[in-house]
Amino acid sequence: MSIEIRGVSRNFGEFAALKDVSLLVETGELVALLGPSGSGKTTLLRIIAGLEYPTAGTILFHGEDAIRRDARSRQVGFVFQHYALFRHMTVFENIAFGLRVRPRALRPTKADIEARVMELLKLVQLEGLAQRFPSQLSGGQRQRVALARALAVEPKVLLLDEPFGALDARVRQELRSWLRRLHDELHITSVFVTHDQEEALEVADRVVVMNKGQIEQVGSPEDVYENPANPFVMNFLGSVNLFHARVHDGEAHIGPSTTPVTTAQDAATIGYVRPHELDILRQRNGGPTVEAVIKHIHAIGPTVRVELARRDNGELMEAELTRERFTELALKNGEQVHVKARKLQVFTEDYSI
Amino acid sequence: MADTTTRPRLATEALPVRIVLISVTLLFLALFLGLPLASVFAEAFASGRGPYFEALKDPNTVSAIKLTLLTAAVSVPLNVLFGLAAAWSIAKFDFWGKNLLLTLIDLPFAVSPVIAGMIFVLLLGKYSSLGGWLDAHQIKIIFAVPGIILATTFVTFPFVARELLPVMQAQGVEEEQAALVLGATGWQSFWRVTLPNIKWGLIYGVILCNARAMGEFGAVSVVSGKILGLTNTLPLQVEAFNDDYNFVGAFAAASLLAMLGLITLVIKSFVEWRTGRNE
């Protein structure tokens, strides 16, 4: 079932949590609402669920106005950040809850309910834990119970509010890929909220980057990462180096060197380069480069991070190299090298991060 | 390596200080609680077991016991309803007048029980406008059983609400919201999710409410009219016996109240033990 968010605004007194937000989520898509705290992403999610109402605008499920329906009748599944499992019920009872509270006419038989709960327990890989209480489960297990509980009522839409926020890094990774595989199997239209860009880029079909109640950019993970619409998106999705540059005739002049640039606008501007798009060279090899001194080398992990300072104005930069390249160059602290930007992004609007 | 099982030095006093403090506390408790309690039973059985049970079978005592039980049987459920409603609205919703409601809930604690009784007499007694109307229609509230129940309900109102409120506030609204999204009606959410979660708080509140309802003296004393055999609750009957110099009767009735108090304490400890275990 598709979800259309049309012109939704939400004010809390003076504060505008959402400002005229519009978005279309296609049937079967897995969309991430990504943004910092206060961006309005959780508010938007709750409005879709019916747990909150917008000050203006509407929500349509498959073309039909859903705003008048309360949370009970919207047929959405909601997974809370802190699980909200019913603490005095067993795992079995938690998952069965949605089926048990159906009106008499629609309620499945006891045997049916049991079959469905067992099926879901198998899906979330928690068979054998049916009689445990939430307090006896780990964080990851609780989250999976919460998911099973939401899925029990066969919702048309699945909404997840920072589902892995309260878990430790390793469990988060595992559940992330697990969620992706689950979605590939079930194909329920899903929207999840996160402030972790890695999570959004890894799991979602499309990413909606939000900031201060507005949508900054919507696109596939590759799209928003490689072609950010503005400095906010670029900065939020990964670390970034800033260069003060002057654009002239389609080239950005950074210090003594120039780099061809995609946008053509004569002005003083800021250039953005991702750490892994900075190459370190021992010799100037004919292209535009900047001279720099190595300040710090961080060689732990799969890649090597090198902090450098520009020789001409002392600006700090961070480059990311593969281990092979690093060993090849045999870099040491204090050495003078040349830095080249493979790709420099320049944004036309005047924007500050 | 320091012994990690000894407490940090700041948490303990020197041994002599501890002994003194504990002794003073125990002495205080013995003097003001233990002694009076023991003497109630001692005096009740002073003339032997026979007179004790005779006193309990006294028709006035029997009707006093019945009235006390009736009063508790009506006020406690009423206050459970009021307390649940008040605690639920305050904990789960935001509305204008919320703080006012909170203050009103504590009102019976702030007012002296005698004054509380007076309020009802003034409001519903024969010489007020409302009371005049009641009198004209032969409806007896003041100086009759309904008045006693009314006064008792007022005085014991805060107990259930105040026990439930912190529990409900601590638990928040997320579970109820989850129930809602899963399709539960308001009633289903309350019955299946909220109520089991507040079970122990509710039991605790009921125990306290009951103990106070049965033992209330001040407000009931003003409102009841003290008609022997009709409008005397057990505490009032103790006073009546005392006025008549019937000390065996007074202490026998008092021993019943004392036993009620002890049973309440036992149940209270049990509930605390259970909630301690659940956490």
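The following legends describe close-up views of a predicted model.

Figure 1. Chain A has a mean pLDDT of 87, and 93% of its residues reach 70 or more. Among the elements of this chain, the highest mean pLDDT, 95, belongs to strand β3 (residues 30-34) of chain A. The lowest, 62, belongs to strand β13 (residues 257-260) of chain A.

**Figure 2. The contact between chain A and chain B.** Chain A contributes 17 residues to this contact, and chain B contributes 13 residues. On the side of chain B that touches chain A, α8 (174-181) and α9 (186-197) of chain B each provide at least two residues. The largest share of this side, 6 residues, is drawn from α8(B). By class, the residues of the side of chain B that touches chain A comprise 7 nonpolar, 4 polar and 2 charged.

**Figure 3. Packing of helices α2 and α4 of chain A.** Helix α2 (residues 91-100) of chain A packs against helix α4 (residues 139-152) of chain A at an angle of about 25°, and their axes are 7 Å apart. Since angles under 35 degrees count as roughly parallel, α2(A) and α4(A) are therefore roughly parallel to each other. The crossing of α2(A) with α4(A) is right-handed. From α2(A), the contact involves A:Val91, A:Asn94, A:Ile95, A:Ala96, A:Phe97, A:Gly98 and A:Leu99. These residues meet A:Val145, A:Ala148, A:Arg149 and A:Ala152 in α4(A). The contact of α2(A) with α4(A) is made up of 8 nonpolar, 2 polar and 1 charged residues.

**Figure 4. Packing of helices α4 and α7 of chain B.** The axes of helix α4 (residues 98-110) of chain B and helix α7 (residues 145-171) of chain B lie 7 Å apart, and the two helices pack at an angle of about 130°. They are therefore oblique to each other. α4(B) and α7(B) cross in a left-handed manner. On the α4(B) side, the contact is formed by B:Ile105, B:Asp106, B:Pro108 and B:Phe109. The α7(B) side supplies B:Phe154, B:Val155, B:Phe157, B:Pro158, B:Ala161 and B:Arg162. In the contact of α4(B) with α7(B), 8 residues are nonpolar, 2 are charged and none is polar.

**Figure 5. The open sheet of 5 strands in chain A.** The strands of chain A are arranged in the order β15-β19-β16-β17-β18, and their pairing is antiparallel. β15 (278-281) and β18 of chain A are the edge strands, each pairing on one side only. From one strand to the next, the twist averages 45°.

**Figure 6. The hairpin of β16 and β17 of chain A.** Strand β16 (residues 290-298) of chain A and strand β17 (residues 303-310) of chain A run antiparallel and are joined by 6 bridges. The hairpin has 4 residues between the strands, and A:Gly301 in the turn has a positive phi of about 110°.

**Figure 7. The hairpin of β17 and β18 of chain A.** β17(A) pairs with strand β18 (residues 316-322) of chain A in the antiparallel sense, over 7 bridges. Opposite A:Leu308 stands A:Met317 in β18(A), and opposite A:Val306 stands A:Ala319 in β18(A). Between the strands of this hairpin are 5 residues, and A:Gly314 adopts a positive phi near 75°.

How values were computed: Residues numbered from 1 in each chain as written. Chains lettered and ligands numbered in written order. Predicted model: local features only at pLDDT ≥ 70, side-chain atom pairs only at ≥ 80, totals over all residues. Contact = placed C-beta atoms within 7 Å. Nonpolar A, V, L, I, M, F, W, Y, C, P; charged D, E, K, R; others polar. pLDDT = per-residue confidence, 0-100. Axes fitted to C-alpha atoms, helices over the stretch in contact; angles between N-to-C directions. Parallel < 35°, antiparallel > 145°, perpendicular 65-115°, else oblique. Left-handed = near helix turned anticlockwise from the far one by under 90°. Pairing = 2+ DSSP bridges.
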